[in-house]
Amino acid sequence: MTATTSTDTTPLRQHKERRLRIVSVIQSRGAIGILILVGLVAGLIFPDFLHAANLADIVSAGSFLGLIVIGQSLVIIMGGFDLSVGSLVGLGTVISAYAAPYGWVAAMLAPVVAGLLIGFVNGVLIARARMAPFIVTLAALLGLKGVALVLASQDLLIANPGFFTIIANGSIFGLNNLIWILVAAYIVGAIVLNCTAYGAAIFAIGGNEEAARMLGVRVERIKIITYGVSGALAGLAGALLASHLDSGLAAAGTGYELQSIAAAVIGGVLLTGGVGTMAGPLAGVILLGMIENIINQIGTLSPYYQNLASGAFLLVAVIAQTVLTSRRGL
Amino acid sequence: MSLSNTPAHAASGHHLSGRAALGWARENSVYVALAVLVIFNLLVTPGFSNPLAARSLLFEAAPVVLIALGQNLAIATRGIDLSVGSVMALASASIAVFLPYGVGTAIVAAIVIGLLAGIFNGGLVSLLKIDPLISGLALLVAARGLAQALVGGSRVNLPSSDAFDLLGVGALGPVPIVMLISLALALVIALIVRRTTFGRYTILVGASRGAAFLAGIPVRRTLFMVYAASGLLAGLAGVFASARLGAADPNYVGVNFELDSIAASVIGGTPLSGGRISIVGTVFGVLLLEVLDASFIMNNISFTYAQILKAIFIVVALYLQRAGA
């Protein structure tokens, strides 16, 4: 990307390079800065906002979306799109409710396996049959929501929850389990993205698919795996949501596909592919959660303003990114 | 796009007929599927042959035709307009907001608000060069939120008036007035696409943005106008849907319509890769989807099966397009 050889060391060039570096940092880490800023301002206005309990609530409520965003970010960095995740969460809760009588392991694993397989199907259609990711996963969004509704036309209460519901509702060292799971997932995600050949391949495909192929990256396989990972994470989010709610809800996760893309983009993942981190999208998730929390704190605003605020935030983030990217000359 | 396959395959006659059959299926799949579905329903579904059923189906189809027209223009430029369903809801809410100033004002205001939403989207896509997928996504979330906030999230019943009755239940023989308006607009758009420079520009921008730019085609202006037109049509569709419903309902109007409009376009033969447009096919694509819905509802089978089948239709239609490319 910065193909300039640094033999030229005139002050002007140095100045330019420094500016490029600053722009690049803003682009990839801006969300974290905005997160801190929004948090501090909200803390000044609403005294309860920065209380540990409130912050923990924001993070644990955002953990379902947060898990999906890991997969979504990987897919977007790879230059793709996964719109099926929202419906997969709903389907995941339903499968989890069906599997619950066979023990908590089945209830946790079944949605993950189902999500993985569905993700593989998406991946095969996209990578092997060369269909547009947008339309394949859109069809999956429609179809999977249908399947979930057929399986559970009304809420499925998990009759004998036991340990299964403790997974998402219990806490370790005073922090909700969901927070631990989320943090662990992001650490694993960051390691996979930054320290493995697989992560490098994702960046390579997103940067230039043909070049990656010529370098020997097995593009099709990586794509299929990545859509599988995205599906499996959506399934996991569904299992945890079922555990949290003690039931299977076909309508759960509606809108997560959009929110997950919004969180990734706000977090500095470029929609053109090839650029992104794990910390940024996590900040994006928490930022979206904070907005929801702030709107609730204001109280007089109807919750409908939350959609308006999320949409506006997504737009501002994308506009800022477009401007920053053109500055960087990408 | 489809120029590449003549000489290489002319050698083997068997292969050619297979390809020709596939090509024929691809070109005409929507008509074949619609005919099969209608015949099946006439045989199996009780009450399907009743003209009232057809009329009700056409009432449901009219707003979808409108937004599918705008969607077609956007797809032809290799873009997409995801905001259409939410813009319908925004238009619907605007009717409720402007109702105190008279029914006519409310209808005009709703259409103008749709146009403004389209202009906003077009500005983002053309001036700020934002991926239409994303600007549409943002607008999809934001416009519905705004619509819900405008009317406090609840349904507002519309008073009975001549204008709403005309749009909501009025029919000329078996064909609803709204469907006639939609078909007239489809004709207008088809003529614009075939006969005007703007129409040519739209196709060329989709076929190759770079080449269109080098050829001096006003790419930005074309994109801007395409999305503005889509917003305008979505506004009108919102008015139709509200009149049919007898209420302004931001939670119900236009939900999933963006998917239906994309599905109708793809099934009707407008490829997502841009550079082609098929208005007639799209109108039949809308009818196919509506008949599909109706055949499930009228047989008392859960509507959700229709949704699954729709998803399969989209994938198959896309696969056929891809196979021919």
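**Notes on a predicted two-chain model**

1. *Confidence.* Within chain A, helix α7 (residues 163–169) has the lowest confidence, with a mean of 75, while helix α3 (residues 63–77) has the highest, at 93. This is a predicted model, so such scores deserve a look before anything else. Chain A averages a pLDDT of 84. In that chain, 94% of the residues score at least 70.

2. *Overall build of chain A.* Chain A holds 14 helices and four strands. Its radius of gyration is 21 Å, close to the 20 Å that the globule rule gives for 330 residues, so chain A is as compact as a globular protein of that length. The C-alpha trace of chain A spans about 70 × 55 × 35 Å along its principal axes.

3. Now take the contacts in chain A with a separation of 6 or more: 78% of them come from residues 24 or more positions apart.

4. *Where the chains meet.* The contact takes 36 residues from chain A and 35 residues from chain B. On the chain A side, α6 (133–151), α12 (256–266) and α14 (305–328) each supply at least two residues. The largest share, 13 residues, comes from α6(A). By class, the side of chain A that touches chain B has 25 nonpolar, nine polar and two charged residues.

5. *Helix α12 of chain A.* This helix also deserves a look for its burial. Eleven of the eleven residues of α12(A) are buried. Among them are Tyr256(A), Glu257(A), Gln259(A) and Val265(A). Just after α12(A), Gly268(A) takes a positive phi of about 90 degrees.

6. *The nonpolar core.* The largest nonpolar core has 210 residues. Which of them touch the most other members? They are Val265(A), Met88(B) and Ile314(B). Helix α11 (residues 219–245) of chain B gives the most to this core, with 15 residues.

7. *Around Met88(B).* Leave aside the neighbours within four places in sequence. Met88(B) is then in contact with Pro63(B), Ile67(B), Ala234(B), Ala237(B), Gly238(B), Ala241(B), Val253(B), Gly254(B) and Phe257(B).

8. *Helix α13 of chain B.* This helix covers residues 279–298, which makes 20 residues. From first C-alpha to last, α13(B) reaches 28 Å, close to the 28 Å expected at 1.5 Å a residue. The helix is mostly covered, with 14 of its 20 residues buried. Just after α13(B), Asn300(B) takes a positive phi of about 60 degrees.

9. Arg130(A) has a positive phi, near 55 degrees. Arg130(A) sits in the loop between α5 (104–127) and α6 of chain A. Is Arg130(A) buried or exposed? Arg130(A) counts as exposed, because 11 C-beta neighbours lie inside 10 Å and the cut-off for exposed is 12 or fewer. Arg78(B) also has a positive phi, about 65 degrees. Arg78(B) is found in the loop between α3 and α4 (84–98) of chain B. With 18 other C-beta atoms within 10 Å, Arg78(B) is partly exposed.

10. *A proline pair in chain B.* Pro51(B) lies in helix α3 (residues 51–76) of chain B. Pro51(B) has 9 C-beta neighbours inside 10 Å, so it counts as exposed. Along the chain, Pro51(B) and Pro174(B) are 123 residues apart. Their C-alpha atoms are separated by 7.0 Å.

How values were computed
Residues numbered from 1 in each chain as written. Chains lettered and ligands numbered in written order. Predicted model: local features only at pLDDT ≥ 70, side-chain atom pairs only at ≥ 80, totals over all residues. Expected span 1.5 Å × (residues − 1). Contact = placed C-beta atoms within 7 Å. Nonpolar A, V, L, I, M, F, W, Y, C, P; charged D, E, K, R; others polar. pLDDT = per-residue confidence, 0-100. Core = buried A, V, L, I, M, F, W, Y, C linked by C-beta atoms within 7 Å. Rg over C-alpha atoms; globule rule 2.2 N^0.38 Å.
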